[in-house]
Amino acid sequence: MENAVIIVVGADKPGIVAGIASVLAQNNVNIIDISQTVLRGVFAMIMIVDISQSKQPLSRLREELQKKGKELNVEVSVYHEEVFKYMERI
Amino acid sequence: MKYSVDEIIEVHRMLSEEDLDIRSVTLSINTNFLISSNFEEIKEKIRGLYSFVSKFSKTVEKVSEKYGIRIVTKRIAISPVQFIFEVLSPSYSLSLAKELDKLAEENGIDYISGYSAFADRGLSKSSETVLKSLSEVLNSTERLAGMINAGSTMAGVNIDAVKLFVDELFKMKPEASSRATIMANVPPDSPFVPSAHHGLGMPDSMINVAVSGPGVIESVIKRNKPTTLQELHDLIKRTAFKITRLGELVGKAVSKELGIPFGIVDLSLAPSPKIGDSVAGIIEAMGISKMGGHGSLMALALLIDAVKKGGAMATSSVGGLSGAFIPVSEDSVMVERAIDGSIDFFTLLALSSVCNTGIDMVGVSKRQGKDKVIGLILDVLAMGVILNKTLGVRVIPLDANPGETVDLGGLLGKVVVMKLKDIDVNNFTSLSGYMPSGIKRLEFG
């Protein structure tokens with residue numbers, strides 16, 4: 001399994017989860033974990049996804065998600081899980 | 001592996017809001033195989049490096065995209081060109097420089113560093129060639145950088161090299177002088193331009209990494225409001241650990257992809273002219289209302305110690321300069337403090353006793369004369385040699401008066417001309433020769 005972390009930040013409205021999830025589904029990326037929180041007063045969704053079977057390399061997937069983010073008027077950041085593993089775990 | 005929401009948000013905030021990025025990934029290459037008296041042969045061999053360098057460049061971009069982490073610059077460090085001039089005629093200096101510049105330009109490299117020479121105790125024919133061609137070479141190139149190591153704890157300080165360097169410096173365009181430095185005790189593996197070079201005793205090639213991240217430390221201090229110095233130290237140490245880990249992740253990924261050894265992570269915090277990416281900003285967040293105020297030295301010493309301790313835990317491959325950089329023009333807060341007079345040359349000298357930069361990216365007025373600049377460089381090199389530290393001087397001579405500024409743009413920022421003391425030092429700087437190595441030398445046997 002190879003994981004990535006997706007962070008979606010913006011004003012809350014219907015369709016954000018569906019929009020992001022549909023891009024993931026089209027690329028054969030499985031959602032492992034999903035949580036919603038309020039980040040500095042703004043809606044934030046965090047997803048852990050499995051990219052090992054993804055049709056696209058992570059950089060392309062990031063581009064597609066960010067394009068979708070623009071349509072939905074939210075900011076999308078995508079990081080490889082190793083970034084978190086290196087910075088938060090010894 | 002499970003991550004808490006807080007952990008994820010912390011990393012996201014560092015990368016997206018607090019300007020945490022990788023300052024540079026540097027490919028360090030042993031280029032001594034270029035040595036030949038036949039320039040055509042050297043050119044041919046430099047061309048032979050194109051595919052290697054281009055692959056490095058693409059790999060860095062690939063790693064940056066994979067992890068979603070900004071890598072600000074890609075650099076090459078080569079063996080000091082001094083070695084080439086042991087056999088190559090000095091008349092080829094400009095042609096060689098242009099070939100090296102082209103190697104960088106055509107392969108997407110931001111800087112190529114190593115137009116350098118060692119002249120700690122005296123000048124050899126080859127170090128003299130490098131020194132005497134420095135202004136012509138840097139004025140005619142865009143990415144080439146060079147360094148003269150004119151002092152070391154082992155060998156002493158060479159005033160003749162300092163004087164030649166200042167002669168050349170005064171002939172350089174401002175942007176060219178930002179690519180030249182004079183050093184004492186230069187490390188053989190630093191990824192920081194202009195002192196980066198491929199040192200002796202290294203493998204044929206390696207990957208060195210420099211991290212950035214002052215914004216992250218500044219905001220962690222502001223958010224947590226520590227009440228004791230130990231708490232402050234601990235906060236910085238923990239944050240430095242995370243910053244350094246990011247450097248190691250990127251460096252190792254590039255190294256693995258290319259199949260060449262991973263060299264070092266330089267633990268230094270490096271500022272950029274962007275607001276919120278300032279080392280002086282950290283000192284001010286600690287409670288010194290203006291960098292340069294009394295207490296700044298202690299604050300900087302505490303910062304650097306914590307950065308080194310956190311970093312040392314994060315990577316076993318520590319090297320380079322490792323501390324904190326305080327280049328004046330490249331740090332938005334330092335520039336302001338230099339303009340309002342909170343920082344002068346003597347403050348920078350004092351700060352150099354605890355950091356590794358020395359006096360970096362400050363304008364000097366050509367109208368104040370060369371002698372005072374020579375004196376300033378001698379002060380810094382003497383400090384490096386006596387305290388057994390790496391220190392350097394990178395000043396930008398300008399046709400301007402103290403207090404005036406020139407904007408060099410990009411990472412170089414706004415250069416402020418700072419006033420040198422109006423005291424005649426000519427009788428001292430007209431002495432020639434070298435200062436013998438200090439008593440510390442005897443500790444080495």
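Let's start with S93(B), which touches F85(B), Y115(B), S133(B) and V137(B), leaving out residues up to four places away in sequence. Touching, or contact, means heavy atoms within 4.5 Å. S93(B) sits in helix α4, residues 93–105 of chain B. Helices here are DSSP runs of H or I with at least four residues, strands are runs of E with at least two, and both are numbered from the N terminus. Is S93(B) buried or exposed? It's buried, because its relative accessible area is 6%, and buried means under 20%, exposed over 50%, and partly exposed in between, with a 1.4 Å probe and protein chains only.

Quick housekeeping. This is a predicted model, where local features need pLDDT of at least 70 and side-chain atom pairs count only at pLDDT 80 or more, while totals for chains, interfaces and linings use all residues. Residues are numbered from 1 along each chain as its sequence is written, chains are lettered from A and ligands numbered from 1 in the order in which they are written, and side-chain values use heavy atoms, with hydrogens and water left out.

Chain B has a mean pLDDT of 96, with 100% of its residues at 70 or more. For the complex, the predictor gives an ipTM of 0.91 and a pTM of 0.94.

Back to helix α4, then. K102(B) and E99(B) both lie in it, three residues apart, about one turn of the helix. They form a salt bridge, with the closest N and O atoms 3.8 Å apart. A salt bridge, by the way, is a side-chain nitrogen of Lys or Arg within 4 Å of a carboxyl oxygen of Asp or Glu. E99(B) is buried because its relative accessible area is 8%, whereas K102(B), at 29%, is partly exposed.

Which residue does E168(B) pair with? That's K171(B), at 3.1 Å between the closest N and O atoms. E168(B) is buried at 4%, while K171(B) is exposed at 52%. Salt bridges with shared partners also join D19(B), D21(B), R70(B) and K274(B) into one network. And R13(B) bridges to E18(B) at 3.9 Å, with both residues buried. Over all chains, the whole structure has 32 salt bridges.

Most residues other than glycine have a negative phi, and most peptide bonds are trans. D19(B), from that network, isn't a glycine, yet has a positive phi of about 60°. It lies in the loop between α1 and β1 of chain B, and it counts as buried because its relative accessibility is 14%. K225(B) has a positive phi too, near 40°. That one is in the loop between α8 and α9, and at 62% it's exposed. Then there's a cis peptide bond joining V193(B) and P194(B), with omega about 10°; P194(B) is in the loop between β7 and β8.

Last stop, the interface. How many residues of chain A are in contact with chain B? There are 28, meeting 29 residues of chain B. The two chains bury about 2,700 Å² between them, 64% of it on carbon and sulfur atoms. Buried area is the accessible area, with a 1.4 Å probe, that two parts lose on being put together, summed over both. Three salt bridges are counted between the chains. R89(A) also forms a salt bridge with E7(B), the closest N and O atoms being 2.6 Å apart.

Notes: pLDDT = per-residue confidence, 0-100.
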